Amino acid sequence: PSSSTTLVSITIGGNDGGFANVMLTCVLSSTSSCVSAVQKAENQAQTTLPGELDNAFAAIRSHAPNAKVVVLDYPQFYDLSKSSTCIGLSTTDRQYLNQGASVLDSVIQSAAGRAGDTFVDVNPNFAGHQICDSGSYIISVDWLNLGDSYHPNKNGQQYGYLPGLVSVTG
């Protein structure tokens with residue numbers, strides 16, 4: 001970015017908040033381990049992450065002082081209304097993962113506000129297209145590439161994130 005940059009869009013915080021390890025713990029370990037990992041990540045998100053986000057948003061502003069900065073959040077991963085018919089994690093795991101995403105989104109929204117940046121909630125665009133829904137916009141557990149797990153797929157980018165971005169950029 002530079003002084004001629006007019007738009008910066010970003011999703012940020014999940015890895016910094018330790019949520020990548022949480023996802024692996026929840027997929028590979030017990031429900032109690034999952035709950036503990038989510039709670040630890042929520043604590044980290046509420047205590048350490050705000051300062052890291054403030055620094056990141058300040059760095060973006062210093063490199064792109066004239067840009068509109070759009071910060072998009074993370075969707076709820078699971079449609080809990082379909083959890084009982086969805087294979088894989090327990091409903092408790094899914095509830096805690098969704099709760100963790102909500103805590104993370106709240107921290108990100110606050111930091112974006114402090115920076116004067118535009119925050120966009122993409123959850124309405126993902127509703128009905130979460131893991132456990134047919135036509136999910138989110139990659140479930142990908143055993144061949146665990147790094148892809150819990151990220152948006154092509155439709156998630158096109159129909160989940162893009163409309164949120166366009167809603168504030170025109």
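A disulfide is a pair of cysteine sulfur atoms within 2.5 Å. With that in hand, let us walk through this structure. It is a predicted model, in which local features need pLDDT of at least 70 and side-chain atom pairs count only at pLDDT 80 or more, while totals for chains, interfaces and linings use all residues. Residues are numbered from 1 along each chain as its sequence is written, and side-chain values use heavy atoms, with hydrogens and water left out.

**The disulfides**

How many disulfides does a search of the whole structure find? The search finds 2, and the table sets them out.

| Cysteines joined | S to S distance | Torsion about the S-S bond | Handedness |
|---|---|---|---|
| Cysteine 26 and cysteine 34 | 2.0 Å | about 85° | right-handed |
| Cysteine 86 and cysteine 132 | 2.2 Å | -85° | left-handed |

The link of cysteine 86 and cysteine 132 ties together distant parts of the chain, 46 residues apart. Cysteine 86 sits in the loop between strand E2 (68-72) and helix H4, and cysteine 132 in the loop between H5 and H6. Here helices (H or I, at least four residues) and strands (E, at least two) are DSSP runs, numbered from the N terminus. If you number the bonded cysteines in sequence order, the pairing reads 1-2, 3-4.

Are these cysteines buried or exposed? Cysteine 26 and cysteine 34 are both buried, and so are cysteine 86 and cysteine 132. Buried means under 20% relative accessible area, exposed means over 50%, and partly exposed lies in between (1.4 Å probe, protein chains only).

Most residues other than glycine have a negative phi. Cysteine 132, though not a glycine, has a positive phi near 95°. Its relative accessible area is 18%, so cysteine 132 is buried. Tyrosine 150 is not a glycine either, yet its phi is positive, about 65°. Tyrosine 150 lies in the loop between H5 and H6. Why does tyrosine 150 count as buried? Because its relative accessibility is 8%.

**A buried arginine**

Next comes arginine 94, found in helix H4 (residues 91-115). Arginine 94 is buried yet has no salt bridge, a salt bridge being a side-chain nitrogen of Lys or Arg within 4 Å of a carboxyl oxygen of Asp or Glu. The nearest side chain of opposite charge is aspartate 93, 7.3 Å away; Lys and Arg count as positive and Asp and Glu as negative, with His and the chain ends not counted. Leaving aside residues up to four places away in sequence, arginine 94 touches Tyr78, Leu80, Ser83, Cys86, Ile87, Gly88, Leu89 and Cys132. Contact means heavy atoms within 4.5 Å.

**A nonpolar patch**

Leu24, Leu28, Trp143 and Leu146 make a nonpolar surface patch of about 410 Å². Patches are made of residues with over 30% relative accessible area and no salt bridge, where like charges are joined within 9 Å and nonpolar side chains (Val, Leu, Ile, Met, Phe, Trp, Tyr) within 5 Å. Accessible areas come from the Shrake-Rupley method with a 1.4 Å probe, and for residues only the protein chains shown count as cover. Leucine 146 is found in the loop between helix H5 (123-126) and helix H6 (154-169), and is partly exposed at 34% relative accessible area.

**Near the start of the chain**

Serine 3 lies in the segment before strand E1 (7-10). Not counting residues up to four places away in sequence, serine 3 touches His63, Pro65 and Asn66.
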